[in-house]
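Let's walk through this fold together, one piece at a time. Keep the picture open while you read.

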Amino acid sequence: MARYLAVGNLLVENIVMPDGLELRDRLGGDAIYAAAGARAFVDDVQPVVRLGRGFPAGLLDTLQEAGYGEGLIPSEHPAIQLRVDWGVEGGSRFAFEPGSG
């Protein structure tokens, strides 16, 4: 068990850039960002997140390679997917994808 835990969300982010370029299936979520930031200071940190059904295998591999596998809690609910539209009306727009957990 890690000494420090980052409890929060695990997201699949689908990003649309101002020029229309789509970057799909990007790793996101506050627990992942917090754990990665904490790793700059300590090695003994683990995110604790719900791993939804349908989470992309490549992103799962990335998490496990980073040593984050222990904190992934499987769930039968769909993975949470967030659409991020950058540059909308001078800012950004965030919306959960339909059917995501």
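We'll start with the sheet and then move on to the cores. The model is predicted, so local features need pLDDT of at least 70 and side-chain atom pairs count only at pLDDT 80 or more, while totals for chains, interfaces and linings use all residues. Residues are numbered from 1 along each chain as its sequence is written, and side-chain values use heavy atoms, with hydrogens and water left out.

Look for an open sheet of four strands, in the order β3-β2-β6-β7, with mixed pairing. (Strands are DSSP runs of E with at least two residues, helices are runs of H or I with at least four, and both are numbered from the N terminus; two strands pair if DSSP finds at least two bridges between them.) Because β3 (22-28) and β7 (91-96) each have a single partner strand, they stand at the edges, with one side left without a neighbour in the sheet. β6 (residues 80-88) pairs with β7 in the antiparallel sense over six bridges, and Leu82 has Phe96 of β7 as its bridge partner.

Now find helix α2 (residues 57-65), which lies across β2 (11-16) and β3 and runs at about 35 degrees to β3. Contact here means heavy atoms within 4.5 Å, and angles run from 0 to 180 degrees between N-to-C directions, with axes as lines fitted to C-alpha atoms, for helices over the stretch in contact.

What about the inside? The largest nonpolar core has 15 residues, and Leu10 and Phe55 are among those with the most contacts inside it. Such a core is a set of buried Ala, Val, Leu, Ile, Met, Phe, Trp, Tyr and Cys residues joined through side-chain atoms within 4.5 Å, where buried means under 20% relative accessible area (1.4 Å probe, protein chains only). The elements giving two or more residues to this core are α1 (30-38), β4 (45-53) and α2.

Definitions and conventions. Buried means under 20% relative accessible area, exposed over 50%, partly exposed in between (1.4 Å probe, protein chains only).
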